[in-house]
Amino acid sequence: MDRRPEVHLRMLTSEDAPWLVEVDRTSTTNLARGRGWDEEKLAAELDEGVWASDDLWGWAIVVDGEPAGYAYVEGMSSGDGTMHIRISARYRGKGVGREVLSQLADHHFAEQTGLQRLVGRAHENNVPMQRAFNAAGFRMEARYRDSYLQPDGRYAAEWGYALTRADWEAGRHRADDHGYDLHGLTFVVEEVLADEEAHPAAHGMVFKFLQEGRRALARYAGGDITEGELAGIIVGDVLVYRYVQDFDGPRGLEVITGSGRARIQRRQDGRLEVVNDWTDDTGRAGKTFLLERRE
Ligand SMILES: CC(C)(COP(=O)(O)OP(=O)(O)OC[C@H]1O[C@@H](n2cnc3c(N)ncnc32)[C@H](O)[C@@H]1OP(=O)(O)O)[C@@H](O)C(=O)NCCC(=O)NCCS
């Protein structure tokens, strides 16, 4: 069984400069720019207290006693503190990011009475960051189009997230009841549980989800379905949705519409699975079993 790593934040000192520069350099991806720090300049700034003011505060992320990354919050004196986080590759995907966000909220909302919101942005393809925000109770508030200049010179969109002081006071950053989060996940139809004749090719169909709060969207395709789209809301463990799909069947191309109920549950290995009951608008019905695909 995976153990949750022990995560804590501590103040940065000038002695941290060498590994900060290294983590920054090695964690630069297409989805997260590096800061391009100069080690000496950074060490001098840390000595002068530049990274420990009412406006800007930097943290070392310590995981099981080892420096594992950094986080900082800037612009706090405006009331909106903007967060930046970098975690070394070997510590990612273990819940560290989520815990860091919760600890940043606990610390800064308690210490800075003028701080109203903690905000952050994630590249539209940065699923780990989006999932960490959601798990720590942040809400998606905006989509900034063409706001992120990528290394290839093209612009990408970013999602904007925020946790407000009221959210923090309500304990939203530590609540485990944000429900299921399908955002960024891919599911594959593993089994056709009923009505194999109506959908012989449903096996292997791939669904890609987006989610914002309780609203979920998925695009899907596979077999005779050349393109499909569903949109719905998640209440508890059930997604209730409408769908429209292009079906390339014996009678040529048909556009089929319908609705469904998908029950979501988590398996022991942590993956999500979905039991999906669908009915099309002509009355045909079926049941499929979808399993989360991990890369
Ligand atoms: C983004 C980052 C801070 C997140 O921290 P983390 O410790 O990896 O995050 P967590 O483990 O708390 O959460 C990540 C979630 O994404 C999931 N995930 C990771 N890769 C995924 C993928 N390719 N597809 C779907 N889900 C993925 C993880 O399973 C986990 O989800 P879950 O536990 O809710 O199921 C960290 O990965 C990082 O430093 N990345 C590089 C720099 C960066 O992108 N910084 C943010 C710039 S705004």
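I would like to start with a pair of helices, H3 and H4, whose axes come within 8 Å of each other and cross at roughly 45°, the axes being lines fitted to C-alpha atoms over the stretch in contact, with angles running from 0 to 180 degrees between N-to-C directions. That angle makes H3 oblique to H4, since angles under 35 degrees count as roughly parallel, over 145 as roughly antiparallel, 65 to 115 as roughly perpendicular, and the rest as oblique.

Please keep in mind that this is a predicted model, in which local features need pLDDT of at least 70 and side-chain atom pairs count only at pLDDT 80 or more, while totals for chains, interfaces and linings use all residues. Residues are numbered from 1 along each chain as its sequence is written.

Helices here are DSSP runs of H or I with at least four residues, strands are E runs of at least two, and both are numbered from the N terminus. The chain has five helices and 15 strands.

Turning to the ligand, 25 residues surround it, and the closest are Ala-32, Ile-87, Arg-92, Gly-97 and Arg-98; a residue is near if its C-beta atom, placed from the backbone, lies within 6 Å. Strand S4 (80-87), H3 (96-111) and H4 (127-135) each supply at least two residues of this shell, and H4 gives the most, with six.

As for H3 itself, its buried residues include Gly-97 and Arg-98, where buried means that 20 or more other C-beta atoms, placed from the backbone, lie within 10 Å of the residue's own. Across the chain of 295 residues, buried ones make up 31%.

Terms used. Buried ≥ 20, exposed ≤ 12 C-beta atoms within 10 Å, placed from the backbone.
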